[in-house]
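Below is a short briefing on selected local features of a protein model. Please read it alongside the sequence and the coordinates.

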Amino acid sequence: MKKQLVIIGGGPAGLAAAVAAYDAGVRDMVVIEREEKAGGILKQCIHNGFGLTRFKESMTGPEYAQRFLDEVQKRGIEVRTNTFVTALSPEKQVTCRSEEGIFTYEADAVILAMGCRERSKGALNIAGTRPAGLYSAGTAQKYVNIFGHLPGKKVVILGSGDIGLIMARRMTLEGAKVECVCEIMEHSSGLKRNIAQCLDDFGIPLYLEHTIVEIKGDERVEGVVIAKVDKEKKPVPGTEREIACDTVLFSVGLIPENELTKGAALPLDPRTKGCLVDGSRETDIPGIFACGNVLHVHDLVDFVSEEAEIAGRAAAEYILCGEREKQLVLTSAGENVAYVLPQRVEKGRDVKLYFRVRSAFRGAVIRVEAGSVQKAYKRIAVAPGEMDNVTLKAADLTDADNIRVSVLREG
Amino acid sequence: MKTIDVAVIGGGVVGALTARELRKYHIDVAVLEAADDVAAGASRANSGIVHAGFDAPVGSLKAKYNVLGNALMAGVCAELGVPFSRNGSLVVARGAEEEAQLQVLLERGRQNGVPDLEIIGRDRLLELEPHMADGVTAALHAPTGGIVCPYGLTIAAMGNAMDNGARLFTGFEVASAQQTKDGWLLRSATGQEIAARIVVNCAGAGAEYVASLFGDAFFHIGLRRGEYMLLDRAAGDFASHTVFSVPTKAGKGVLVTPTVDGNLLIGPTSVEDEVYSTAVRRPAFGEIKEKASWMLRDIPFGQVITSFAGERAYCDRHDFILEWGKENVFHAAGIESPGLTSSLAIAREIAGQLAKRLGAAENKDFSPFRRSMHWLKELSEAEKNAVIARDPAYGRIVCRCEEVSLGEIRDAIRQNPPARTLDGVKLRTRAGMGRCQSGFCQPNVFHELMKECGLRAEEVTKNGGNSYIITGGEL
Ligand SMILES: Cc1cc2nc3c(=O)[nH]c(=O)nc-3n(C[C@H](O)[C@H](O)[C@H](O)COP(=O)(O)OP(=O)(O)OC[C@H]3O[C@@H](n4cnc5c(N)ncnc54)[C@H](O)[C@@H]3O)c2cc1C
């Protein structure tokens, strides 16, 4: 089956990319979604706070997704749900499996928008038993918000990522007692507002530099042993204490879901765990683009939509105008910067550089070095949980052979 | 109450295969299993190695049944559609002292009747396994060593036995036994009863207790826990052989092996226990990593997806017990490693003796075949499309990591032995065994169990008992 554009994933990234590609002139396209409904993870994020940046209003996840679903529907873009992409080839063949069988699209362009998955508890090497009552935070969120089942009553949460924080509040509102949230780092990777609104407002303690070292209980969880960790993140002997609980939620990181990407032999960035892309979100294979959490984990969906629109427009340009000769310059992460995205930028075009800092502090200066052009931007505070960005004009790039972003303490 | 011919106590690999072998005769058999599913004990959590047979002492029952069982494994796995691979085993030595041990193993293996054993030097070893650690100098190569899916074999054996007329009672923990005029009356902890002419004790870690119910007390069962780390399939081709180290002064090593499902398995440790436990101790991770690195370098431990433990039930005789106790009670106890390897040979021995005692005739209607656990995955695309056209549920993916369809989940719940728990579905289909460890598919499998079994949300368990998934109620 031929298709000009196949978008893999019908979450916020896939939907926004579809709308943007349509508006840039592409008609022959399909969005493929493995779940029953499009909307991605937003479907189960019934809390508010979505859309503040983009729409200047606070929406719930389903409301935010609906805006894009409406736009997709208005344009008559085909969304194939309950359809699972099983393989992607470097030649842009997209193989799918659904109740209709196994079939393959031969695409001119592909947009990867598969999102991310939660890191599992199993990867953490926690000692103890493997009883019922251990959930990744997102799975618990699905039980509560989609199916209306409360997994348990007495909860310990490991990891203070946003889903963990949101679930601390959610479980509390539904009548569970959240005993504490443990975070192995010295700072939370969640948004500041979530710490305030989800923990502080409910008096839920956040134990920084703490982890779970053991799980107790044979059939259902009966408790956990938590301990303080040292600078190497190793538990400090003597600091262990047992907390009784019947449920443990793990919010220990998100991993871009790049199994298909690997199948297409696309290299991944070890830091973002997503593809290497340029400013138009094009990967190492011309005509394959990536956006959203499959590219790098975002903390705000607003930026996902923005990134997806870049990819959607670029895919349209590729389809309608053909492959473009690009003169690329690499970006690099300087002092206190975990990564910069895109990993390369095209000369002659404006570009917005997204980056994450490694550690949190107040009074920061962002320094961008691009050949003879040097720029500095002030920030009151920076934190790893909040992705930041700066925009460079095409004129800033004329003599750059590398663009380096650093974040320094003021003064 | 009708008295059946044989009650097998314990639905582990030995009990399940014994039931299947018994059905090859006109013998009416029921398996009584305490847990909510078969493969609840050692047969669920072990190394899955089909040992070549150089380890067991010459002349022991272990040696005899190991070598016999190894030779039978490929055949039974083919009949039952269970993944099996003869990947070969390597026992590696570091330096002259350990190399001397290899000679001992080689000699013992030859006496036990293990074919094709050879000692190889480092160069040849590196051809077989490129990640050998620097200090490794030589190895014993046993090409007949293999790997099998242990719970897969147990489930398939039970399913095939049931398809041929055997019955399975789960949640039947034998708690008392009373001698009757024509056999034994067995009562469960919850008051169910079964009468049988002959009883076979295949209760694994519970074998000493079960024996005591009949007044037999001639063996003692000890417990030794083994802990493991399991790595992602992305690490599965790190080693192609099963790699052991010779026991050293620093203790018994661990093994590193690919699994039949393409993961990499590392372990087990060895911890004496007073009480049955499958918890992983805190020091286990360090121990496993250290011992594995005696043999191989650069093991990708970052790709761990889970850790688990199994409990070895060994006998104070340090050999298998395969003998009659009180009248018409047969004990298959102390079946520690190489018990999985030996399981079919043991089951044949038991069935043979029982058939003789019962004077049972051969069952001509017995069919040894069962559809492969992974039949759908083994089909071509065109064949899959034909299957999906007949039942679209086979097109609907439920577990993304292992690509398991709704149709396969339903099969697991509907076929013998039926899955009634999340773990039951997982062991039969692999849904939830992949890198996300069920984060994605669990709610969907949960709802399928509710629908198929008519359960309420609060009734669904992870693996029986009180392992409820939802304990906070409905919202
Ligand atoms: C860590 C470890 C690693 C191993 N590695 C290997 C290996 O690589 N290769 C190999 O060949 N062997 C290996 N083995 C040995 C192998 O796993 C066992 O020999 C085999 O699984 C024993 O099977 P079984 O049926 O006797 O016992 P089990 O599988 O333990 O089954 C016993 C069953 O009896 C049930 N039961 C107990 N009491 C009662 C009761 N009162 N009423 C009803 N039911 C009851 C239990 O619930 C259980 O399901 C290993 C074992 C362990 C623990």
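B:Ser89 touches B:Leu140, B:His141, B:Ala142, B:Gly145, B:Thr242 and B:Phe244, leaving out residues up to four places away in sequence; contact means heavy atoms within 4.5 Å. B:Ser89 lies in strand 5 (residues 89-93) of chain B, where helices (H or I, at least four residues) and strands (E, at least two) are DSSP runs numbered from the N terminus. At 2% relative accessibility B:Ser89 counts as buried; buried means under 20% relative accessible area, exposed over 50%, and partly exposed in between (1.4 Å probe, protein chains only).

This is a predicted model, in which local features need pLDDT of at least 70 and side-chain atom pairs count only at pLDDT 80 or more, while totals for chains, interfaces and linings use all residues. Residues are numbered from 1 along each chain as its sequence is written, chains are lettered from A and ligands numbered from 1 in the order in which they are written, and side-chain values use heavy atoms, with hydrogens and water left out.

**Helix 5 and helix 6 of chain A**

- The axes of helix 5 (residues 162-173) and helix 6 (residues 192-199) of chain A come within 8 Å and cross at roughly 20°; axes are lines fitted to C-alpha atoms, for helices over the stretch in contact, with angles from 0 to 180 degrees between N-to-C directions.
- That crossing angle makes helix 5 of chain A roughly parallel to helix 6 of chain A (angles under 35 degrees count as roughly parallel, over 145 as roughly antiparallel, 65 to 115 as roughly perpendicular and the rest as oblique).
- On the helix 5 side of chain A the contact is made by A:Asp162, A:Leu165, A:Ile166, A:Ala168 and A:Arg169, and on the helix 6 side by A:Asn194, A:Ile195, A:Gln197, A:Cys198 and A:Leu199.
- The contact residues of these two helices divide into six nonpolar, two polar and two charged; Ala, Val, Leu, Ile, Met, Phe, Trp, Tyr, Cys and Pro count as nonpolar, Asp, Glu, Lys and Arg as charged, and the others, Gly among them, as polar.

**Helix 3 of chain A**

- Helix 3 (residues 61-74) of chain A has 14 residues and should span 20 Å at 1.5 Å a residue, which agrees with the 20 Å between its end C-alpha atoms; the expected span is 1.5 Å times one less than the number of residues.
- Its buried residues are A:Gly61, A:Tyr64, A:Ala65, A:Phe68 and A:Val72.
- These buried residues pack against several elements of chain A, including helix 1 (12-23), strand 5 (78-80) and helix 8 (301-321).
- A:Gly76, with a positive phi near 70°, follows helix 3 of chain A.

**A:Ile310**

- A:Ile310 is found in helix 8 of chain A and counts as partly exposed at 22% relative accessibility.
- Beyond its neighbours within four places in sequence, A:Ile310 is in contact with A:Gly279, A:Ser280 and A:Arg281.

**Backbone geometry**

- Most residues other than glycine have a negative phi, and most peptide bonds are trans.
- A:Lys92, in the loop between strand 6 (84-88) and strand 7 (93-98) of chain A, has a positive phi near 70° and counts as buried at 11% relative accessibility.
- B:Asp298, in the loop between helix 7 (284-292) and strand 18 (304-315) of chain B, has a positive phi near 60° and is exposed, with a relative accessible area of 58%.
- A cis peptide bond, with omega about 0°, joins A:Leu341 and A:Pro342.
- The peptide bond from B:Gly267 to B:Pro268 is cis, with omega near -10°.
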